[in-house]
Amino acid sequence: MYFEHNPFVPAERSDEPGRRTSKVAIVGAGAVGSTMAYAALMRGAARTVALYDINAAKVKAEVYDLSHGIQFMPMAEVIGSDDIEVCRDADVVMITAGAKQRPGQTRLDLAGATIDLVGKILPELLKVAPDATYVMVTNPVDVVTYAALKISGLPTNQIFGSGTVLDSSRLRYVLARETGVAVQNVHAYIVGEHGDSEFPLWSSATIGGVPLLDWPGVHGRPPLDAERRTAIADEVINSAYRIIEGKGATNYAVALAGSRIIEAVLNDESRVLPVSTLLSDFYGLSDVCLSVPSVVYGGGVADQLPIPLSDEEYDGLKASALSLKQVAREFGF
């Protein structure tokens, strides 16, 4: 059953004859999925946002609630259903459905149930949206992305995970707060697993073009010595656990990160984002999905950038890859 609530925009509307408008399908109408639909609509990321969830009442309620605010957003339509057909011909499919992470659980604890769910839903999605770019958001995103690649048989550019886009945003926020500069002038990445083995690339991070390791401090604030960097990394890596403990889920920032990925694909931006992709001889690492800075464009992921690594950072990336490979093997991948 479909639910539409925008009488001014027919479901098949096209602004020009023969012109196909952009469509994003979001699988899962829970806290992350519904907030991602809201963020995509508010940012004008797509002309049509489709929500799919097996809970028909939840989808109906979310579609009504979002649609009632359409006049305050860039022009768009929102539709929803418990029928997979609502995702037909989507340009981008964001999969947020999965087991819910509870206080005290790691992301890897969720692997089994989420992989089973993806194994059931992904073949059905491919029937209605075979040409879409697929973005896995549900946790543990790296292992789930690897499993989704094996299940779907899609090219490696066409399916990838949201990875550490959110974690890198958290890192930049904390660095901006600690140094007293605008977050837009901080350039730094979290890489590896979207989880406990992730880590910052301090050696390539910059603030206003100044290497972070040479940052002298401004406004009377001290430089970022090793002790402060360790504290910053700990805050970033454990922030999701603190948020889940306090409110039960993370949804706002991950939705904004997801909408930014949507825009990079639909607008063919060739934007560098630390998404989770299948590595192939990346510093000697292969056959594992984890996050490194990659070029995201209209066809999905084009390239992984050979960003310089210190010996310590290389060791961290290798350890993260080995951890994820072990988990994947436990689930038969």
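E263 is a buried residue, with a relative accessible area of 8%; here buried means under 20% relative accessible area, exposed over 50%, and partly exposed in between, for a 1.4 Å probe and protein chains only. The structure is a predicted model, in which local features need pLDDT of at least 70 and side-chain atom pairs count only at pLDDT 80 or more, while totals for chains, interfaces and linings use all residues. Residues are numbered from 1 along each chain as its sequence is written, and side-chain values use heavy atoms, with hydrogens and water left out.

The side chain of E263 meets that of R43 in a salt bridge, at 2.5 Å from N to O. A salt bridge is taken as a side-chain nitrogen of Lys or Arg within 4 Å of a carboxyl oxygen of Asp or Glu. This pair links distant parts of the chain, 220 residues apart: E263 sits in helix α7 (residues 252–266), and R43 in the loop between α1 (31–42) and β3 (48–52). Helices (H or I, at least four residues) and strands (E, at least two) are DSSP runs, numbered from the N terminus. In contrast to buried E263, R43 is partly exposed at 41% relative accessibility.

Just after α7, D268 takes a positive phi of about 50°.

Turning to the other ion pairs, the structure holds 13 salt bridges. One of them joins R228 and E178, whose closest N and O atoms are 2.9 Å apart. R228 belongs to helix α6 (residues 226–247) and E178 to helix α5 (residues 165–179), so the contact ties together parts that are 50 residues apart in sequence. R228 is buried, at 18% relative accessible area, whereas E178 is partly exposed at 23%. Salt bridges that share partners also join R43, R260, E263, E269 and R271 into one network.

A further salt bridge brings together the side chains of K150 and D287, at 4.0 Å from N to O. K150 lies in helix α4 (residues 141–152) and D287 in the loop between β14 (276–278) and β15 (289–291), so parts 137 residues apart in sequence are tied together. Both K150, at 48%, and D287, at 39%, are partly exposed.
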